[in-house]
Amino acid sequence: MNSDAAMSGGAGRPGVGPDTLVLGIETSCDETAAALVLGGTDVVSSVVSSQIDLHAEFGGVVPEVASRAHLESLNPVVERALADAGVGPERVDAVACTVGPGLIGALIVGVSAAKALSLAWEVPFVGVNHLEAHLYSSFLDHGDIGFPLVVLLVSGGHTMLIEMRGHGDYRLLGRTIDDAAGEAFDKVARFLDLGYPGGPAIDAAAELGDPEHIAFPRAMMHDGLDMSFSGLKTAVTNHVRRHPDVGSADVAASFRAAVVDVLVAKTRRAAAEVDAVGIVLGGGVAANALLRTEMAAAGAADGRAVLLPSREMCTDNAAMIAAAGWHRLGVDGPSPLDIGAFPTMPLVSSTSEAHRG
Ligand code: KG4
Ligand code: ZN
């Protein structure tokens with residue numbers, strides 16, 4: 001490790017710098033992932049073993065099935081990450097792992113393995129908040145552009161607008177008051193029989209449809225920074241029941257346009273309110289093709305940088321865990337080995353407390 005090298009962001013502790021190689025482990029939901037990231041930004045290897053096929057027949061993630069699959073896959077996935085990087089365990093400087101939020105049984109598999117590896121390899125263990133890690137997926141590709149940033153975190157479980165005032169310094173600006181955007185994509189896709197997971201299926205179908213075919217509601221559009229997507233989901237089901245002959249592509253395109261309009265308008269307003277230097281997208285829904293182009297266009301129109309993680313770094317992966325772990329290690333140091341796993345774990349306000357167990 002390089003103790004006095006220049007460090008970006010908050011990684012200010014001696015011994016944490018550009019040469020620090022962190023192994024990230026992610027098992028919070030239905031992806032078993034391991035990655036090696038150098039200096040918080042350089043992805044040396046990233047392996048994701050998806051359980052999508054195991055859960056597809058149930059139309060959603062089955063927690064017990066997920067835990068068992070993590071148990072089977074984790075060791076080979078870690079070995080692959082090391083082999084792909086061409087390094088042995090002796091080169092790893094720290095092990096970072098998602099400690100929450102997520103499915104408790106699934107989390108425990110990763111956390112136990114990460115602690116065991118940190119003990120066996122005699123390197124620090126770092127507990128990472130999965131939501132914070134999604135924010136760091138953008139930094140993997142872009143590095144720092146300064147602060148404040150407005151982050152739109154849109155995944156299957158969360159939809160939030162966050163002001164990032166510095167590394168580890170977050171303020172919640174707005175959130176969904178009901179369904180997460182990804183959840184709405186998944187539910188509408190299931191209703192339209194487009195398959196699981198719904199986001200990519202709707203995204204693909206929407207490319208072939210007319211986004212103006214149905215004028216779905218844009219809830220709370222002019223109403224602060226909170227959002228709501230459950231009424232939209234109901235509007236879709238009502239429309240299809242009343243018009244059984246409507247084409248799925250037109251429904252998908254009109255639905256996608258409604259979600260994206262709201263996400264872009266709210267993010268734009270939040271960025272103006274805090275005079276953000278840039279907008280960062282994170283979470284699985286950030287892989288959405290229309291959201292990416294519309295947000296980039298909005299940023300260009302408003303003169304704000306828009307940081308989009310690569311599409312594979314939007315959905316769950318361990319590179320983002322290693323990146324967030326590198327920053328956490330630099331700011332807070334290692335996590336205690338008696339830290340647990342947290343099914344719920346807010347990003348804002350209690351992240352550091354949770355980290356300290
Ligand atoms: O971040 P993620 O992998 O897992 C969570 O932490 O939730 O996000 C998964 C969510 C799912 O709801 C999935 O349908 C959605 O992200 N998603 C998408 C797209 N790709 C994944 N939603 C819209 N468009 C996409 N292309
Ligand atoms: Zn996620």
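**View 1. Where domain 1 and domain 2 touch.** In this predicted model, 19 residues of domain 1 are in contact with 14 residues of domain 2. Domain 1 is built from two stretches, 4-136 and 314-355. Domain 2 covers 147-276. Their C-alpha centres lie 28 Å apart.

**View 2. The area buried between the two domains.** The size of an interface is often given as the accessible area lost when the parts come together. Here, about 1,300 Å² is buried between domain 1 and domain 2. Carbon and sulfur atoms give 73% of that area. Which residues of domain 1 lose the most area to domain 2? They are Leu131, Leu135 and Val348. Together, these three make up 35% of what the domain 1 side buries.

**View 3. Polar contacts and salt bridges across the interface.** How many salt bridges does the rule find between domain 1 and domain 2? The number is 0. Polar contacts do occur: 4 residue pairs are counted between the domains, with both residues at pLDDT 80 or more.

**View 4. Helices on the domain 1 side.** Which of them gives the most? It is α4, with 5 residues.

**View 5. Residue classes on the domain 1 side.** The side of domain 1 that touches domain 2 has 9 nonpolar residues. Another 7 are polar, and 3 are charged.

Terms used:
Residues numbered from 1 in each chain as written. Chains lettered and ligands numbered in written order. Predicted model: local features only at pLDDT ≥ 70, side-chain atom pairs only at ≥ 80, totals over all residues. Heavy atoms only, no water. Domains from an automatic or database assignment. Contact = heavy atoms within 4.5 Å. Buried area = accessible area lost by both parts, 1.4 Å probe. Salt bridge = Lys/Arg side-chain N within 4 Å of Asp/Glu carboxyl O. Polar contact = N/O pair within 3.5 Å; in protein donor to acceptor, adjacent residues only side chain to side chain. Helix = DSSP H or I, 4+ residues; strand = E, 2+ residues; numbered from the N terminus. Nonpolar A, V, L, I, M, F, W, Y, C, P; charged D, E, K, R; others polar.
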